[in-house]
Each structure stands twice: as C-alpha cells, then as structure tokens.
Amino acid sequence: MALIEVRDELARRLGRMEGVRVYGEPPDVVTELPAAIIRPGKPLAEYNGTLAGNDVAYGLEALVLTGSGDDAQAWEEMAAFVAPTGPKSVKAQVEDATGAQGAVDWFRVTRASEGGRVGYGKASYWGVAFQVQGYVSG
C-alpha cells in the first residue's frame, strides 16, 4: 500500500497551498479552480538496485490548473506555482517535510512541463504538470 500512502501524503502537502482544491484521484470533472490533480507518473515505480533493500521511488504527476480564463492572470497564477519558493510554489510545498506523515522518506519535484493551455476531460484550462518522486525505503 506504499503507493497509496505516497499519493495521500502528496495530496496533504499540496493541500497546504491556500485556495487550491486537491484531487487525490483524477475526477471526471473539475468543479473548483485552482486545482491540483494527482495522477500516476511515468515511470510509476523505480526499484532500487541494491541487494539488501526494497527501496522504491514512486512517480506521480500533479496537474495544477489555474482558476483564471484571462491569459495575463493565468500566466501570473502559473508563475506562482512554478516558482521554486513561496506559498503557492508546488516545489516548496511538496518538498517541505514539516509535519510529514506516513511512509514517505522524501519528495522531490523533478520537472514542470506542459505549461500553458492543457486539456483535461472535455475542457481546456491553463495549467502545468509537475513530475514528482516520492521515495520509500524498504
């Protein structure tokens, strides 16, 4: 169940961003914006090659959708999410282990991609996809 615990801890950390609705499982329809949707990443799991351990780095994606349809405002919101620090920084919130719970040893945001207009479900939004690794030692 480590994958579920990693997902749930990621959702908790993303939930520290004020005003952002976090979906731990991809919804059919996004009803509140801004939103962070946790999805399986690629690769989903990388196993440690050591002989003695069962370490796993789980890959997840956090798709963050802005709340604005106005292009200039959407750029500003997206910039806050992509920034390496700050209260809306995905990287800062995810990698901050303050109050950490569960089996996750650490999180690392490895990349932000797909910035700009993104499709989700049958709608188009402004957003950015963050690739996240959650490491669990065995």
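Me: What counts as a helix or a strand here, and what is an angle taken between?

Reply: Both are DSSP runs numbered from the N terminus: H or I over at least four residues for helices, E over at least two for strands. Contact, or touching, means heavy atoms within 4.5 Å.

Me: What kind of model is this?

Reply: This is a predicted model, in which local features need pLDDT of at least 70 and side-chain atom pairs count only at pLDDT 80 or more, while totals for chains, interfaces and linings use all residues. Residues are numbered from 1 along each chain as its sequence is written, and side-chain values use heavy atoms, with hydrogens and water left out.

Me: In which sense do strand 4 and strand 5 pair?

Reply: Antiparallel, over twelve bridges, with strand 4 at residues 106-120 and strand 5 at residues 123-136. Within that pairing, Arg111 stands opposite Gln131, and Gly119 stands opposite Ser124.

Me: How many residues are between strand 4 and strand 5 in the hairpin?

Reply: Two, and Gly121 in the turn has a positive phi of about 65 degrees.

Me: Switching to charges. How many salt bridges does the whole structure have?

Reply: Eight. A salt bridge here is a side-chain nitrogen of Lys or Arg within 4 Å of a carboxyl oxygen of Asp or Glu. One of them joins Arg7 and Glu25, whose closest N and O atoms are 3.5 Å apart. That pair links distant parts of the chain: Arg7 is in helix 1 (residues 2-14) and Glu25 in the loop between strand 1 (21-23) and strand 2 (35-47), 18 residues apart.

Me: Is Arg7 buried or exposed?

Reply: Arg7 is buried, at 18% relative accessible area, whereas Glu25 is exposed, at 56%. Buried is under 20%, exposed is over 50%, and partly exposed is in between, using a 1.4 Å probe and protein chains only.

Me: Which residue does Arg12 meet in a salt bridge?

Reply: Glu9, with N to O at 2.9 Å. Arg12 is partly exposed at 24%, while Glu9 is buried at 3%.

Me: And what does Asp71 meet?

Reply: Asp71 and Arg117 form a salt bridge at 2.6 Å, N to O. Asp71 lies in helix 2 and Arg117 in strand 4, so the pair ties together parts 46 residues apart in sequence. Asp71 is partly exposed at 38%, and Arg117 is exposed at 52%.

Me: Where is Glu77?

Reply: Glu77 is in helix 2. Glu77 is buried yet has no salt bridge, and the nearest side chain of opposite charge, Lys88, is 6.9 Å away. For charge, Lys and Arg count as positive and Asp and Glu as negative; His and the chain ends are not counted. Not counting residues up to four places away in sequence, Glu77 touches Thr66, Gly67 and Ser68.

Me: Last one. Where is Asn54?

Reply: Asn54 is in the loop between strand 2 and strand 3, and is exposed at 62% relative accessible area. Leaving out residues up to four places away in sequence, Asn54 touches Val136 and Gly138.

Definitions and conventions
Two strands pair if DSSP finds at least two bridges between them.
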